[in-house]
There are 2 protein chains.
Amino acid sequence: MKELSALMGYRESIKVLDATLRDGGLCNDFFFTDEFVKALYKANIRAGVDYMEVGYRADKTMFDTDKFGRWKFSSDEDILSVLGDNKETGLKLSIMTDVGRCNYKEDIRNKSESPVDLIRVATYVHTIPECCAMIDYAKNKGYEVSCNIMAVSNAGEKDIRCALDMIFRTDVDCIYIVDSFGSLYPEQIQRISDVYTEYANKYGKSVGIHAHNNQQMAFANTIEAVGDGIDWIDATYLGMGRGAGNCPIENVIGFLRNPKYNIYPVIKFIEEYMEPLRAGGVKWGYDIQYLLSGLFNLHPRDAIRYSKEGRTDITNFYKEITSNDN
Amino acid sequence: MKELSALMGYRESIKVLDATLRDGGLCNDFFFTDEFVKALYKANIRAGVDYMEVGYRADKTMFDTDKFGRWKFSSDEDILSVLGDNKETGLKLSIMTDVGRCNYKEDIRNKSESPVDLIRVATYVHTIPECCAMIDYAKNKGYEVSCNIMAVSNAGEKDIRCALDMIFRTDVDCIYIVDSFGSLYPEQIQRISDVYTEYANKYGKSVGIHAHNNQQMAFANTIEAVGDGIDWIDATYLGMGRGAGNCPIENVIGFLRNPKYNIYPVIKFIEEYMEPLRAGGVKWGYDIQYLLSGLFNLHPRDAIRYSKEGRTDITNFYKEITSNDN
């Protein structure tokens with residue numbers, strides 16, 4: 001039985017992070033209007049969401065700023081100009097920094113000069129030392145810091161244990177379980193949660209969950225993790241996110257019983273902003289090509305290409321991704 | 001940890017029932033072409049599916065045969081004319097009979113004169129005696145018989161226990177947990193499974209699961225139930241079914257490890273028949289109105305009407321279904 005098994009009470013320590021601008025930005029190259037971003041911010045405040053991720057802080061010397069909206073770079077100036085200094089709300093702001101794709105020594109200044117509260121460092125298991133250096137850097141600048149270890153379904157348990165021990169020895173606040181390929185079932189989430197919480201408890205830190213919906217498991221895996229003691233939940237409006245998308249925030253807010261959360265502002269934002277976005281042609285969400293890439297534990301890039309090309313020959317797609325010729 | 005926790009082995013006793021024609025028929029008033037039905041039948045055989053439900057056997061004196069396709073009535077003659085006598089395959093055929101909507105004493109003949117193998121009796125908790133009479137009748141005619149106790153999320157545990165004891169005292173083979181409103185979470189499925197299997201074990205019978213996808217939980221609840229020892233799984237192609245739809249059979253076949261199941265014929269049928277059906281305007285599947293009706297444990301009829309009317313004012317819908325005025 002899970003800790004939340006009564007389904008009536010709640011755990012104060014749970015935090016919800018809205019990743020719509022960041023993971024959702026992968027669906028429209030981060031071209032969100034200022035009006036959209038402001039309305040999202042207000043919806044999150046009213047809904048009781050704990051963190052709003054305003055995008056990546058990608059290296060402008062690496063990515064063409066003409067080809068992406070500003071939330072791929074999320075400079076302090078841009079955040080301030082659209083959302084203000086955010087000093088009067090209960091909502092905290094976060095950005096994501098990818099190991100190897102963020103010029104953090106130049107682009108992350110002191111917390112006292114930034115509206116950002118939380119810096120999230122995304123890494124694979126083979127770049128942990130650089131990840132730890134970024135965590136130390138951001139911590140020294142005064143931020144809350146979390147770490148996403150991506151593609152956990154492709155990593156061996158010994159590597160995961162080694163990575164957890166290295167990262168938790170920094171001052172990081174939280175490490176996320178990230179099912180990048182949407183290939184995990186709840187039972188696997190339970191086992192992985194046990195490993196993560198073993199290390200988190202040892203170091204007095206927290207664990208989070210970032211799920212993808214390839215097998216229609218994003219929400220199910222998220223509440224499995226919550227039942228297993230995981231406290232930080234990533235979610236997005238209408239599940240907007242790369243490929244099959246993420247765990248829908250409307251499901252999460254509907255599930256959680258803490259009275260600080262309110263679903264009405266969530267569905268209001270969906271009605272006024274998300275549905276028009278989707279009707280306007282921005283594509284994400286579950287479909288059979290994502291089921292297959294999740295089932296075979298593959299990066300969704302082939303499934304995303306299949307979707308973009310408007311293909312309907314799913315049997316050929318199946319044969320392509322299961323080919324053993326290479 | 002669940003019984004299937006290794007996720008590598010399999011349980012011989014698991015059976016998959018394709019309910020596409022029956023629950024899916026609720027989306028198009030059962031107007032499937034003969035070609036569709038024949039191709040579905042072949043796909044099920046190739047995929048290793050155990051049962052194919054060919055529709056309801058509704059009372060023709062109660063429903064207008066001009067307003068529905070023939071799979072609402074699924075006469076032995078119609079089944080024989082389209083699928084033949086089905087004596088050479090490993091696939092069994094089933095029909096569903098609703099308590100109070102099936103003229104069973106006239107319309108169910110001896111098994112020896114019918115291509116049907118399994119008769120499924122659908123009941124609410126307040127019509128158990130009539131349900132038991134139908135089970136006895138069908139058993140005496142020589143069929144396998146299962147029972148769906150609908151809307152379990154609205155029934156008290158004492159009523160459920162009483163119903164299980166009454167029904168399992170008949171010669172029924174299996175009783176299904178039916179989450180008609182798609183309102184249950186996996187933890188609740190686990191608790192309900194414990195109650196059902198307690199009675200099933202006492203009487204040496206089986207338990208099944210029929211899930212709806214209102215909260216994107218149909219597949220998650222199904223594999224939770226499998227892990228809890230439930231053996232009979234209802235699923236449909238692309239999750240086709242009333243409102244938010246059912247557990248997708250492609251997810252189930254992808255999840256199960258018994259080598260008798262094959263996903264390729266499933267996705268082939270989806271490519272050739274299901275996607276054109278959906279592209280042709282037949283509507284089903286998860287959307288936010290179904291999330292809300294599931295969240296509030298309501299029959300999906302209001303959400304289905306909202307969908308049919310093409311409404312987009314989800315905030316008004318929210319206020320309508322949460323109104324306390326009546």
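Biologist: Which residues touch the most other members of the largest nonpolar core?
Modeller: This is a predicted model, in which local features need pLDDT of at least 70, side-chain atom pairs count only at pLDDT 80 or more, and totals for chains, interfaces and linings use all residues. Residues are numbered from 1 along each chain as its sequence is written, and chains are lettered from A and ligands numbered from 1 in the order in which they are written. A nonpolar core is a set of buried Ala, Val, Leu, Ile, Met, Phe, Trp, Tyr and Cys residues joined through C-beta atoms within 7 Å, where buried means that 20 or more other C-beta atoms, placed from the backbone, lie within 10 Å of the residue's own. Within the largest such core, of 218 residues, those touching the most other members are I135(A), I167(A), I175(A), V266(A), I167(B) and I175(B).

Biologist: With which residues is V266(A) in contact, leaving aside its neighbours within four places in sequence?
Modeller: Two residues are in contact if their C-beta atoms, placed from the backbone, lie within 7 Å. Once neighbours within four places in sequence are left aside, the contacts of V266(A) are A43(A), A47(A), Y237(A), I249(A), E250(A) and I253(A).

Biologist: Why is strand β4 of chain A described as largely enclosed by the rest of the structure?
Modeller: In a regular strand the side chains alternate between the two faces of the sheet. One side of β4(A) carries L118(A), R120(A) and A122(A), the other I119(A), V121(A) and T123(A), and all of these are buried. The strand, residues 118-123, is therefore largely enclosed, the number of its six residues that are buried being six.

Biologist: Which residue of strand β5 of chain A is the bridge partner of L118(A)?
Modeller: Two strands pair if DSSP finds at least two bridges between them. β4(A) runs parallel to strand β3 (residues 92-98) of chain A, joined by five bridges, and S94(A) has L118(A) as its bridge partner. β4(A) also pairs in the parallel sense with β5(A), residues 144-149, over six bridges. There the bridge partner of L118(A) is E144(A).

Biologist: In chain B, which residue of β3(B) is the bridge partner of M52(B)?
Modeller: Strand β3 (residues 92-98) of chain B is mostly covered, with six of its seven residues buried. Four bridges join β3(B) to strand β2 (residues 51-56) of chain B, and the two run parallel. For M52(B), the bridge partner is L93(B).

Biologist: What is phi of S74(A), near which value in degrees?
Modeller: S74(A) lies in the loop between β2 (51-56) and α4 (76-83) of chain A. S74(A) counts as buried, with 27 C-beta neighbours inside 10 Å. Its phi is positive, in a residue other than glycine, and is near 40 degrees.

Biologist: Where does L238(B) lie?
Modeller: Phi of L238(B) is also positive, near 55 degrees, in a residue other than glycine. L238(B) is buried, with 24 other C-beta atoms within 10 Å. Its place is the loop between β8 (232-235) and α10 of chain B.

Biologist: How many residues does domain 2 of chain A give to its contact with domain 1 of chain A?
Modeller: An automatic or database domain assignment gives the bounds, dividing chain A into domain 1 (15-279) and domain 2 (288-321). Over C-alpha atoms, the centres of the two domains are 25 Å apart. Domain 1 gives ten residues to the contact, and domain 2 gives eleven.

Biologist: Which helix gives the most to the side of chain B that touches chain A?
Modeller: The contact joins 32 residues of chain B to 32 residues of chain A. Helices that each supply at least two residues of the side of chain B include α8 (186-203), α9 (218-227) and α11 (264-279). With six residues, the helix that gives the most is α11(B).

Technical notes: Buried ≥ 20, exposed ≤ 12 C-beta atoms within 10 Å, placed from the backbone.
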